[in-house]
Amino acid sequence: MSKTPAMSQMKDRMEKAAKMKDEDKLYKREGILYSTILSPPETLDKLKELEAREDDLILVAYPKCGFNWMVAVLRKILNASTGKDEKPPERPPLVEFLPPDVQEKLAEMPPRRLLGTHLPPDNMPPSFFTKKPKILVVFRNPKDTLVSYYHFMNKNPLLPNAESWDKFFSDFMAGEVPWGSFFDHTLAWEKRLDDPNVMIVTYEELKQNLPEGVKKISEFFNLPLTDEQVSSIAGESTFNAMLENSQKSHGNFGNIFFRKGEVGDWKNNFSDAQSKQMDELFQAKLAGTNLGARLKYDLYCQ
Ligand code: A3P
């Protein structure tokens, strides 16, 4: 099979990563760490010009909050609602991974485009707000997010290995991880909760009732589904169903993106002192905020 540009680019990126020292795999820009290979400065600069459209589907999540899960759900919703049977594109929809020439080609994509990002709202392409596309933001409790991130760093060759659990714990708490601080992301979204084009969902509520989540998301994007479609999409999007299909859907990245898919795995990893330290940070940063309440910290993190 001949290689497509996206496949060649992935191969190049992997080869580059294999030759790169861990300490060179991240760089800092305006206080936030980014992947040197995936999101070099010219890519992030170019994002400022990206033109969103009102009918785009924008998906936002801090890393490890369920982004790839929701990409699959959104694609299924799009296909079911429009009657199309489009195969997933070869590139993930993360705009900060698209080199400038590929960003330019987004203008040629037919509607409705699915665009995603892990960037905090103030660093997203400004047109994501000015053109008023609908934005779905996925959150997850910070303790499980941290555990998931730790394993991801160790399995993803494009990112440096976490030196140790304790070191990664401190880095996460300090926001010294790719895409910055979980807590700052959350606080930045807190300021935009009144935006009618923004809908928040949480990993935990999706785990608890996926059919309801699928229905809510499809209605938000104005992509109506029948009850049968809702239940079939939810059935195909459980962790086990996606894990089984992951080699086909994500190739070698399948076992990197689909690990345990559980709520509460943090209890197997956090020491009592670390748990207490995060409780204090949560209290200091997010207690009393609407999003803080939405995360149901007491239920999922204590
Ligand atoms: P764990 O590492 O805790 O298993 P992201 O896609 O943002 O990188 O998030 C990855 C996390 O979402 C991983 O968490 C992964 O297992 C989980 N995940 C992926 N698909 C899922 C699904 N269908 N249901 C529940 N969790 C899922």
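Me: How many residues surround the ligand, and which are the closest?
Reply: A residue counts as near a molecule if its C-beta atom, placed from the backbone, lies within 6 Å of it. The model is predicted: local features need pLDDT of at least 70, side-chain atom pairs count only at pLDDT 80 or more, and totals for chains, interfaces and linings use all residues. Residues are numbered from 1 along each chain as its sequence is written. The ligand is surrounded by 22 residues, and the closest are F67, N68, S148, R259 and G261.

Me: Which elements give two or more residues to the shell around the ligand?
Reply: Helices (H or I, at least four residues) and strands (E, at least two) are DSSP runs, numbered from the N terminus. The elements that supply two or more shell residues are α3 (67-82), α6 (142-155) and α12 (239-244).

Me: Is α3 roughly parallel or antiparallel to α11?
Reply: Axes are lines fitted to C-alpha atoms, for helices over the stretch in contact, and angles run from 0 to 180 degrees between N-to-C directions. The axes of α3 and helix α11 (residues 227-236) lie 10 Å apart, at an angle of about 150°. Angles under 35 degrees count as roughly parallel, over 145 as roughly antiparallel, 65 to 115 as roughly perpendicular and the rest as oblique. Therefore α3 is, relative to α11, roughly antiparallel.

Me: Which residues make the contact of α3 with α11?
Reply: Two residues are in contact if their C-beta atoms, placed from the backbone, lie within 7 Å. The residues of this contact divide into four nonpolar, one polar and two charged. They are V73, K76, I77 and A80 of α3, with Q229, I233 and E236 of α11.

Me: Which residues make the contact of α3 with α10?
Reply: The axes of α3 and helix α10 (residues 210-220) come within 11 Å and cross at roughly 65°. This contact has four nonpolar, two polar and no charged residues. It is made by V73, I77 and S81 of α3 and by V214, I217 and S218 of α10.

Key
Nonpolar A, V, L, I, M, F, W, Y, C, P; charged D, E, K, R; others polar.
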